[in-house]
Amino acid sequence: SISAQPNGPPPSRKMEDAAVPPAGGAYEKSFKQAYQLACTNSGCEPNKGLIEMLETAAGGGPALTEVIIKGNSQENFHARIGDPDVEALVAVFAQYSFGHVRTIDLSWNDITDKGCQALAGLLRASPKITRLNLAYNSIGEAGITVLSEALIANNKLLFLDVRGNKVGDHGGLEIAKMLCANKSVRSVELGNMDLGHRTLTMLGEALKRNGALTHLNIDRPLLFSAQEEAIEQVAMGLRHNKALLSLSIKQAGIRARGCYLLCDNLALNSTLHTLDLSSNKLPEDAGPSISKLLTLSQSLSTLHLANNQLGDRGCTALSDALATNRTVTDLDVAYNSIAADGLMQLAGAIQQQAGLTKLRVWGNDLQAESTSQLAYACQQCRGLKECDMLVQIVDDTPNAVLKITQESHCYQTGQV
């Protein structure tokens, strides 16, 4: 899809050799002609969706504000774009100084280092883009290095998504260095990029220095140390950070020590409100660390711990703190090998909760007694609006028969 907004006045000329965009639809008409010519010169086919939007805008429709060519969409699945397509787009954007376009989404395509380097050159020449999505392409270390260098001095880009590009630890290190210097980027997605110890160490330093970044995703790094030193560096950065609101570190192999380091430092953090540690290796011994975080944090509102190994002891420790916590609204402890004892403790904590609005517990040992207690607790928690259990009440008796269905995503009650 390609989004747009109503036509406005043409942007001012920023580059000496850039053409001033004509007013209204004339700009899109000229852009279309230049784009078709550039595609011919690059030996690629013009993207049909982009052509259609340009034709609409040229006919008096809304001005083009977003170029979104996702390779995993139905219309582009068998016509993914590569480096020649990117070079054609870059040539036209450079000529017209971007016009009204502020967002480029070329995710799930076949772009390599060459195409990424072309985009980097564009960001240097006319830095008007605020959102850039290159997730799940084939960009490597060389491409991400040039892109990172271009973003060091860039003060317009707010959102960067490069997930799924296997740049490795060397490429990741360049991104981390960029985040130490860049003061404009607000959201960065770095998941599934094979980042290593050096990248996370530098990211820890970036968290200390960067006062602009509000969201960071570093899912699935490749970490092999039993002492979890890389996680320690990130944790130390979080201790001093005053801007980050959301952090995702899923599939990182975090164990008890890593959890302790993160929670101990986050307990002193006053801004983070979303923490996702799903699909790690958190054992029962991680429970006290999570309990400390819930007890001391004044900002945390979303805590996702699904697909770990917290068990009864971990859930009990978490529940003790949850009972008196007044900030958490979204809790996910699904698939944590929690049996009756832990679930009963969780039910008791939920009954005392006033702020919890979302709860996920599916995938644990939901037997009749613990399920009954959870159902009653959910009824008592007036603010709860979403739970991944479907509970059926028979003969208006809430503890009589309880049925759990995995397909349900909300808590429901009613007579049978």
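Guide: We will take the terms in turn and set each value against its definition.

Guide: This is a predicted model, where local features need pLDDT of at least 70, side-chain atom pairs count only at pLDDT 80 or more, and totals for chains, interfaces and linings use all residues. Residues are numbered from 1 along each chain as its sequence is written, and side-chain values use heavy atoms, with hydrogens and water left out.

Visitor: What makes up the secondary structure of the chain?

Guide: The chain has 13 helices and 14 strands.

Visitor: Why is Ser 148 called buried?

Guide: Buried means under 20% relative accessible area, exposed means over 50%, and partly exposed is in between, with a 1.4 Å probe and protein chains only. Ser 148 has a relative accessible area of 4%, so Ser 148 is buried. You will find Ser 148 in helix α5, residues 141–152. Leaving aside residues up to four places away in sequence, Ser 148 touches Glu 174, Ile 175 and Met 178; touching, or contact, means heavy atoms within 4.5 Å.

Visitor: And what makes Asn 364 buried?

Guide: Its relative accessible area is 10%, so Asn 364 counts as buried. Asn 364 belongs to the loop between β13 (358–360) and α13 (368–380). Among the residues that Asn 364 touches, not counting residues up to four places away in sequence, are Val 333, Tyr 335, Asn 336 and Leu 343. Asn 364 and Asn 336 are 28 residues apart along the chain, and their C-alpha atoms are separated by 6.0 Å.

Visitor: Why is Tyr 335 called partly exposed?

Guide: Tyr 335 has a relative accessible area of 35%, so the name is partly exposed. Tyr 335 sits in the loop between β12 (330–332) and α12 (340–351). Its phi is near 55°, a positive value in a residue other than glycine.

Visitor: What is phi of Tyr 136 near?

Guide: Phi of Tyr 136 is near 55°, again a positive value in a residue other than glycine. Tyr 136 is in the loop between β5 (131–133) and α5. With a relative accessible area of 25%, Tyr 136 is therefore partly exposed.

Visitor: How do you know that α6 and α7 are roughly parallel?

Guide: Two packed helices are described by the angle between their axes and the distance between the axes. The axes of α6 (residues 168–181) and α7 (residues 197–209) come within 8 Å and cross at roughly 5°. Those axes are lines fitted to C-alpha atoms over the stretch in contact, and angles run from 0 to 180 degrees between N-to-C directions. Angles under 35 degrees count as roughly parallel, over 145 as roughly antiparallel, 65 to 115 as roughly perpendicular and the rest as oblique. So α6 and α7 are roughly parallel to each other. The contact includes Leu 173 and Ala 176 of α6, and Met 202 and Leu 203 of α7. Its residues divide into seven nonpolar, four polar and five charged. Here Ala, Val, Leu, Ile, Met, Phe, Trp, Tyr, Cys and Pro count as nonpolar, Asp, Glu, Lys and Arg as charged, and the others, Gly among them, as polar.

Visitor: What makes a space a cavity or a pocket?

Guide: On a 1 Å grid over the protein atoms alone, a cavity is a set of points where a 1.4 Å probe fits but cannot get out, while a pocket is an open set with protein on both sides within 12 Å along at least five of seven lines; lining residues have an atom within 4 Å of a point. Grid points are joined across faces, edges and corners, and a volume is the space filled by probe spheres set on the points. By this rule there are two cavities of 30 Å³ or more.

Visitor: Which residues line the largest cavity?

Guide: Leu 266, Asn 269, Leu 272, Leu 293, Ser 297, Ser 299 and Leu 300 line the largest cavity, whose volume is about 40 Å³. That lining has four nonpolar, three polar and no charged residues.

Visitor: What is the volume of the largest pocket?

Guide: The largest pocket has a volume of about 220 Å³. Its lining includes Glu 45, Lys 48, Arg 80 and Asp 85, and divides into three nonpolar, three polar and five charged residues.

Note on methods
Helices (H or I, at least four residues) and strands (E, at least two) are DSSP runs, numbered from the N terminus.
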